[in-house]
There are 2 protein chains.
Amino acid sequence: MDTRQGRDAVVEFRPDCPLCGSSPCVFHCRDECTEARTLRRIVEVGRPMVRGQYLYHAGSPFAALYTVRAGTVKTCAVTEDGEERVIGFSFPGDIVGLDAIGGSTYLTDACVLETASVGVIPFARLQPLLSEVPALQHRLLQAMSRQIAAEHEMRLALLKRTAEERFAVGLVSLSERFAGRGLSPTALRLAMSQAELGSYLGLAPETVSRLFRRFREQGWLDGTGRECELLDIGAIRAVARRQRRVPSGSSGDEALRAVGAGRSGGGS
Amino acid sequence: MDTRQGRDAVVEFRPDCPLCGSSPCVFHCRDECTEARTLRRIVEVGRPMVRGQYLYHAGSPFAALYTVRAGTVKTCAVTEDGEERVIGFSFPGDIVGLDAIGGSTYLTDACVLETASVGVIPFARLQPLLSEVPALQHRLLQAMSRQIAAEHEMRLALLKRTAEERFAVGLVSLSERFAGRGLSPTALRLAMSQAELGSYLGLAPETVSRLFRRFREQGWLDGTGRECELLDIGAIRAVARRQRRVPSGSSGDEALRAVGAGRSGGGS
DNA sequence: CGATATTTTGAGATGAGTCAATAGCTGTGG
DNA sequence: CCACAGCTATTGACTCATCTCAAAATATCG
């Protein structure tokens, strides 16, 4: 359904944010706040994009930011040797393209993973509004800052950790992002393949598969990727935090070693 | 030297940017542009800070951004198990604390590695100026965007690569950052220990030491950390890009093995 | 000139990548 | 409705790069 009604009208009035289609968007506000009203003047929402379509490609001139209103988008880069590396996943409420503001071109590809509704924010039009509407400026700054912080956290989590820990970090991260959007933090519907998740986490696809199995055997989750239910998120979180202190007692126990922790209850 | 002259005056007029003490600062401009003049009203430069002093700690309330005018600052976090993980290094011209804007507290520690001159930008005072002076706002957005981009690039570089590649990436990155500040891209004076560099790159200190030796044996660099001269930055860059060029000539099994798989020992 | 921190070097264990082959899905078209 | 193709996931075997532990050597600092 094409929602366009004119040059910029674009969006119907709905209780949820017309800019992002969901609640936790940077630009969201429950009421008709100034920044949303302002922004709505320039955001354009096109028809849904389907899996495999690109919002933009690396190298193409930077023109707009994008809000994900529905669906899933991945950003990725292709290395010299032709491998694709996933840089991040974007869910409803996320802004895509923030890393391009500082330059003249996009630095990554942005590719739809799961049928997505996307809002286009022409940056040239956004910029003057930022000065006029301080609240809008503040929102953008916050969004960017938070992305930097998230980036730091992710790097910390991924660097120098075991595959198991990275995987746990990935699951927890996804769970929390879903939760922040009002979705279930335990019943994950993942739009990405195991290979893509692995690429994001720096793991070989085979390793991801093995980890799914291991975690399943531990009773920590059920399903296998696509549909994934986190049964003991406390345990997973504990692994992610590397809090696997071996319960004192007979150390060297085979079973404990297999578990890698011997955790069971929710984490502290 | 205390450069304070009053509540906010703070800085002498010098050809180089009084805000950052060097050229490539986001807020720098060669002439007396509006944004610098504006910013100068609120930036406070204190006396130099020495190694080990902290600009801020993780958890303390966010109040200001910092510009590094001289010296080196590292940002780091301490994991639950007490290990310190280096998140980044900041050199003259860099802004520190951008990841805290989105929250109410700092998320990392910021610690002086090498006697540093630091400018304090109270965020509450900066914010209104951003709307008044669009150019200033633009600079800040660019700085943040670039940081996100750099973060992405670093993650790409570090994730799923060999220790050798990570190390090379680290060296190249440092070299380029120095070069961007008008310093020699080959004669590196590193303020961080091998352990810190390793922490940043996700490598064990021992591994860093071994890599220094390996690279030295290759004739790619000289020195050992602290003072480090890059002799063949092309080769290092090639390793960083995973493009290790085959030494033309004997394309025998040795060479191929070295190219395709791990290192052997000898080389060009 | 001691005391502490950093760096070097060695030896050994192992986690995770790679290769390879199988099994399971998903969508398409006959 | 079934067969097929292509993709995704699973599983096993093997290898090796890197971590860990341990100890010596060197540098740095007061």
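Reader: Which residue stands opposite B:Cys228 in E9(B), and how should I read such a pairing?

Author: Helices (H or I, at least four residues) and strands (E, at least two) are DSSP runs, numbered from the N terminus, and two strands pair if DSSP finds at least two bridges between them. In this case the residue opposite B:Cys228 is B:Gly223, and the antiparallel strands concerned, E8(B) and strand E9 (residues 227–230) of chain B, are joined by three bridges. Before we go on, note that this is a predicted model, in which local features need pLDDT of at least 70 and side-chain atom pairs count only at pLDDT 80 or more, while totals for chains, interfaces and linings use all residues. As for conventions, residues are numbered from 1 along each chain as its sequence is written, chains are lettered from A and ligands numbered from 1 in the order in which they are written, and side-chain values use heavy atoms, with hydrogens and water left out.

Reader: What order do the three strands of the open sheet in chain B have, and which strands stand at the edges?

Author: The order is E7-E9-E8, with antiparallel pairing. Strand E7 (187–189) and strand E8 (221–223) of chain B are the edge strands; each has a single partner strand, so one side of each is left without a neighbour in the sheet. From one strand to the next, the twist averages 20°.

Reader: Which helix lies across E7, E8 and E9 of chain B?

Author: For such angles, axes are lines fitted to C-alpha atoms (for helices over the stretch in contact), and the angle between N-to-C directions runs from 0 to 180 degrees; contact itself means heavy atoms within 4.5 Å. Here the helix is H4 (residues 163–179) of chain B, which runs at about 95° to E7(B).

Reader: In what order do the three strands of the open sheet in chain A stand, and which residue is opposite A:Glu227 in E9(A)?

Author: In chain A, too, the order is E7-E9-E8 with antiparallel pairing, and the edge strands, E7 (187–189) and E8 (221–223), pair on one side only. Neighbouring strands are turned by 20° against each other on average, direction ignored. E7(A) pairs with strand E9 (residues 227–230) of chain A over three bridges in the antiparallel sense, and within E9(A) it is A:Glu227 that stands opposite A:Arg189. Helix H4 (residues 163–179) of chain A packs on this sheet, touching E7, E8 and E9, and its direction makes about 95° with that of E7(A).

Reader: What rotation superposes chain A on chain B?

Author: Copies are superposed by least squares on the C-alpha atoms of residues with pLDDT of at least 70 in both. The result is a rotation of 179° with 0.0 Å of shift along its axis, at an RMSD of 0.1 Å, and that is the relation of a two-fold axis. In chain A, the C-alpha nearest the axis belongs to A:Ser131, at 2.2 Å, and the same surface serves both copies, since 100% of the contact residues of chain A recur in chain B.

Reader: Which residues come nearest to DNA strand D?

Author: A residue is near a strand if one of its heavy atoms lies within 4 Å of it. There are 19 such residues around DNA strand D, of which A:Gln194, A:Ser209, A:Thr224, B:Ala163 and B:Thr207 come nearest. Of the atoms of DNA strand D that come within 4 Å of the protein, sugar and phosphate account for 62%.

Reader: Which atom of DNA strand D is 3.0 Å from the side chain of A:Arg210?

Author: A polar contact is a pair of N or O atoms within 3.5 Å; within protein, one must be able to donate a hydrogen and the other to accept it, and residues adjacent in sequence count only if both atoms are side-chain atoms. For A:Arg210, a side-chain N or O atom is 3.0 Å from a base nitrogen of DNA strand D.
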